[in-house]
Each structure stands twice: as C-alpha cells, then as structure tokens.
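Q: I am new to this entry and would like a short tour. Could we begin with the terms and then go through the parts?

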2 protein chains.
Amino acid sequence: MISNSEIKLITGLHRKKYRDLHNLFIAEGEKLIKDLIDSGAQLTHFYTTKSIEPSDYADEVKSPVLITERQMQKISVQKNPSGWLAIFEQAKNTDLNQVPWVLALDDVQDPGNMGTILRLCDWFGITHVVCSEDTVEAYNPKVVQSSMGSIARVQVHYVLLDQWLATQTKPIFGAVLDGKSLTDIDWPKQGVLLMGNEGQGIRPQRAQFITDHLTISGAPERGAESLNVAMATGILLHQWHLNQ
Amino acid sequence: MISNSEIKLITGLHRKKYRDLHNLFIAEGEKLIKDLIDSGAQLTHFYTTKSIEPSDYADEVKSPVLITERQMQKISVQKNPSGWLAIFEQAKNTDLNQVPWVLALDDVQDPGNMGTILRLCDWFGITHVVCSEDTVEAYNPKVVQSSMGSIARVQVHYVLLDQWLATQTKPIFGAVLDGKSLTDIDWPKQGVLLMGNEGQGIRPQRAQFITDHLTISGAPERGAESLNVAMATGILLHQWHLNQ
C-alpha cells in the first residue's frame with residue numbers, strides 16, 4: 001500500500017528543490033538499498049513490486065511495502081524500474097576541519113563522473129568531498145545509482161569554493177595540464193586535492209589557490225587529448241594512497 | 001545523395017557479421033570523424049545533414065555528401081543522430097611480437113569500458129591490445145564512440161587467449177584481488193598486462209599463466225567492493241608508465 005501523499009512526496013523528490021527541502025533522497029535497486037541500509041543510512045520509505053519471503057526482511061522497520069508495477073512506474077526515476085525503491089535521509093555532515101585530506105571539486109557536471117568519484121573516495125579512504133555550488137548534486141538519483149552505496153560513506157559539502165580555498169592553510173594540490181609529474185611529488189600528511197570541470201578544468205579564480213600543480217603524464221606521441229575527470233581522480237588518489 | 005545500396009550497406013554495418021564481412025565500421029559525430037581521418041583511418045563514405053562551407057572540407061575525397069534527416073535516421077546507429085556519419089576501413093593489424101608491452105583483455109563486455117580502455121592505451125602509449133574471442137568487438141559503434149578516435153591509433157587483436165598466453169615468453173602481469181601491492185612491483189622492459197571480465201575477473205584457464213599477481217590496494221576500512229575494470233586499467237597503466 002502506498003498513499004497518494006507518499007506518491008506525491010516521492011515524485012517531488014525527483015527534483016533537487018524537494019530533495020533539499022525534505023532532506024531526503026531516492027535509491028533504486030535491491031542491492032543498492034541493502035548496501036545503504038548496511039552503511040547506516042536512515043531509511044524512511046521502502047517499496048517493492050516483488051513478492052518476498054518474510055524472512056528476507058525480518059526487521060519490520062526495514063521491510064519493503066508491496067506496491068503495483070503501475071505505482072512503481074509513477075514513483076521511479078528510471079525508465080525501466082528495477083522493482084525496488086527506497087527513500088533515505090540525507091546525511092548530516094560532520095566538521096571538515098578535522099579531516100587530514102579532502103577532495104575538492106570545481107564544477108564537476110556529469111552525474112556518472114560524480115558517482116564514480118564518490119566510489120573512488122570510498123575505495124581509497126577519502127571521507128570528505130568539498131564541491132563548488134555549481135557541482136552536480138550528490139543526491140541526484142543518477143549520482144546515487146552510480147556511487148553504488150558510497151554516498152552513505154563519503155560526506156559531500158557544498159561551499160563557496162573560492163572563499164573556502166582562500167581560508168585553507170593546508171597545501172592545495174591541483175590537477176592541471178602543465179604541472180609536475182607525479183614521481184616528483186611528496187604527498188604531505190594533510191592537504192586538499194582539487195579537480196576541475198569536465199571541459200574547462202579548474203577555473204582561474206580557484207586555480208590561483210593551488211600550491212602544487214600536478215599532471216598525469218602520458219606517452220609523448222599520444223593521440224588522446226585528455227583523461228576523463230573521474231579517471232584522473234582515480235589515478236591521483238591511487239598515487240596519493242600509495243604514499244600515505 | 002545516398003543510394004539505396006549504400007543505405008543497405010550501412011544498415012548492415014550495424015551488425016558485427018557485416019562489419020566483419022566488409023572490414024568496415026561506422027563512426028558518428030563531426031569531431032570523431034575528423035579525428036579518425038587525421039589519425040590515418042581510411043574513409044570510404046561520409047554523410048552529413050548539415051550545410052557546410054566548401055572550404056571546411058576542401059579535400060574532395062574527404063568531403064561529406066549532403067543527405068536528408070530522414071536518410072540519416074535510417075543509417076544512424078544513434079537514437080538522436082548527430083548529423084554526421086562516416087564509414088571507415090578496419091585497420092590491418094601489424095605483428096604483435098615486435099611490441100614490448102601488450103594489454104590483454106579476458107572477456108571485457110561493456111562497450112564503454114572497452115572504449116575507455118582503448119583511450120587509456122592511447123594516452124599511456126600501449127599500441128596493441130589482445131582480446132579473448134568473447135571480448136566485446138572493438139568496432140562495435142558504442143566502442144568506437146567512447147574510444148574517441150583512439151580506435152585508429154591502437155591495434156586490437158582477437159585471439160584464442162588461452163593458447164596465446166601459453167606461448168608467451170614475456171612475464172604476464174594479472175590484476176587480481178589478492179596480489180602484490182603496486183609499490184612492490186618492478187616493471188620489466190617487456191610484458192603482458194592481463195585484465196579480466198567486469199563481474200568474474202580473469203578466468204582460471206587464463207589466470208594460470210599469470211607470473212606476477214597485482215592488486216590495487218584501497219583503504220582497509222573501505223566500503224566500495226571493487227574498482228571498475230576501466231578504472232583499474234587506468235591506474236595500472238599509469239603506474240606502469242611511471243616506471244618505464
């Protein structure tokens with residue numbers, strides 16, 4: 001059973017405005033929902049079109065409500081719904097200043113890239129990501145899906161990035177096209193790693209705060225013009241992780 | 001002007017069977033087509049729905065033929081055609097044995113992963129990729145699109161991978177879950193880097209040939225279960241490149 005007011009709430013959550021207002025987000029797919037629950041994300045609603053054994057979801061609070069395919073179609077963000085949809089509370093962020101290393105994103109736009117970056121942070125042990133206000137929203141359903149549960153384990157902060165960078169006392173490592181090779185880098189115990197927009201890179205008003213310019217070198221005769229921002233983030237975080 | 005027999009040829013090329021038969025492949029998008037031409041790929045047909053200045057394509061052989069939107073819709077692989085479509089000859093592969101380092105793929109299935117891997121090879125200077133016969137076809141239109149032109153600069157060989165690995169005298173580095181950390185690896189001057197399928201990894205009948213087992217270590221308390229095969233390839237090729 002799903003009420004009309006629940007349907008209205010959930011279809012509202014398809015839009016950022018209402019996700020912000022209610023501090024909730026949508027996740028779809030049985031595996032993703034289980035992973036979010038296991039990671040401590042606060043579940044508020046849980047629906048399925050599948051018939052399940054009572055023993056599968058013994059804890060009543062976390063047991064899905066059976067709804068029709070038609071109702072699922074209404075509340076789902078996906079064209080072909082998986083049959084599993086849940087609503088979770090957005091995490092309350094803890095204080096950033098306690099964290100030795102932070103990843104900062106200047107205007108990353110693609111939800112798939114954002115999800116992949118959150119998954120990389122989770123893998124390499126970065127717990128906090130700071131984003132410029134125009135970076136894609138972390139609770140965008142496409143980000144949630146591609147983060148594969150990492151959204152529950154990595155905290156994402158939206159800030160006025162120029163101001164935030166200006167107040168940092170840690171070194172700021174920026175990925176640029178003409179920086180130092182990674183073999184020449186000493187990674188300190190604390191710092192910020194700054195990555196830029198897919199097409200534009202890091203904008204000048206943020207780039208001015210970079211203390212250490214990094215470049216991922218390729219073959220001299222290479223044809224590929226650039227690495228995708230998620231790929232570059234993966235390579236840099238791996239290198240950082242090896243030197244921690 | 002496009003003839004009915006050309007339309008028939010091109011719609012045939014949507015299928016692997018006819019790509020193999022004719023040794024041709026489809027590329028869509030103005031930038032990609034230009035990049036392939038610049039990389040020396042042999043153009044056989046070129047169509048556009050856009051009105052162009054004669055000076056844009058001065059070389060008559062490489063000048064696109066104007067067709068209608070309706071015709072483009074017929075020949076395009078894409079739901080929303082870009083308005084630019086070209087046919088190229090598949091590259092003739094040169095001898096593998098002359099190459100110091102080869103990337104080998106065991107059953108990589110996702111066209112986007114394959115395209116990204118070709119782009120990474122192009123970036124880091126790997127010129128030859130060896131694939132198991134069940135690996136996604138490199139001339140699949142989705143691979144061509146996501147390789148962003150790298151398909152013209154990286155040679156892809158389909159082989160009976162068990163047999164091919166068995167005949168190698170070079171060390172075979174395999175990405176597995178319980179191998180050595182990358183900091184402990186000495187990369188020799190010649191070798192094979194073997195990557196596995198998205199879900200299954202490297203299959204046992206291929207894994208038996210691995211001489212050096214590699215693992216990308218993450219944070220001990222990480223939540224993310226694994227890295228995507230394209231991301232893992234990027235991280236490993238970067239590490240390899242740093243040590244060349």
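A: Helices (H or I, at least four residues) and strands (E, at least two) are DSSP runs, numbered from the N terminus. Please note that this is a predicted model.

Q: Where is A:Asp107, then?
A: A:Asp107 sits in the loop that joins strand S5 (101-105) to helix H5 (111-124) of chain A. Although A:Asp107 is not a glycine, its phi is positive, at about 65 degrees.

Q: And is A:Asp107 buried or exposed?
A: A:Asp107 counts as buried, because it has 21 C-beta neighbours inside 10 Å and the cut-off for buried is 20 or more.

Q: What about B:Asn23, where is that?
A: B:Asn23 lies in the loop between helix H2 (16-22) and strand S1 (24-28) of chain B. B:Asn23 is not a glycine either, and has a positive phi of about 55 degrees. B:Asn23 counts as partly exposed, because 14 C-beta neighbours lie inside 10 Å.

Q: Changing topic, which domains does chain A have?
A: The assignment gives domain 1 (4-89) and domain 2 (96-242) for chain A. Taken over C-alpha atoms, the centres of these two domains of chain A are separated by 30 Å.

Q: How many residues are in contact between them?
A: In chain A, 13 residues of domain 1 are in contact with nine residues of domain 2.

Q: Which elements supply the domain 1 side?
A: Helix H2 (16-22), strand S1 (24-28) and helix H3 (30-38) of chain A each supply at least two residues of that side. The largest share, four residues, comes from S1(A).

Q: And what kinds of residues are they?
A: The side of domain 1 of chain A that touches domain 2 has seven nonpolar, two polar and four charged residues.

Key. Residues are numbered from 1 along each chain as its sequence is written. Chains are lettered from A and ligands numbered from 1 in the order in which they are written. This is a predicted model: local features need pLDDT of at least 70, side-chain atom pairs count only at pLDDT 80 or more; totals for chains, interfaces and linings use all residues. Domain bounds come from an automatic or database domain assignment. Two residues are in contact if their C-beta atoms, placed from the backbone, lie within 7 Å. Ala, Val, Leu, Ile, Met, Phe, Trp, Tyr, Cys and Pro count as nonpolar, Asp, Glu, Lys and Arg as charged, and the others, Gly among them, as polar. A residue is buried if 20 or more other C-beta atoms lie within 10 Å of its own, exposed if 12 or fewer, and partly exposed in between; C-beta atoms are placed from the backbone.
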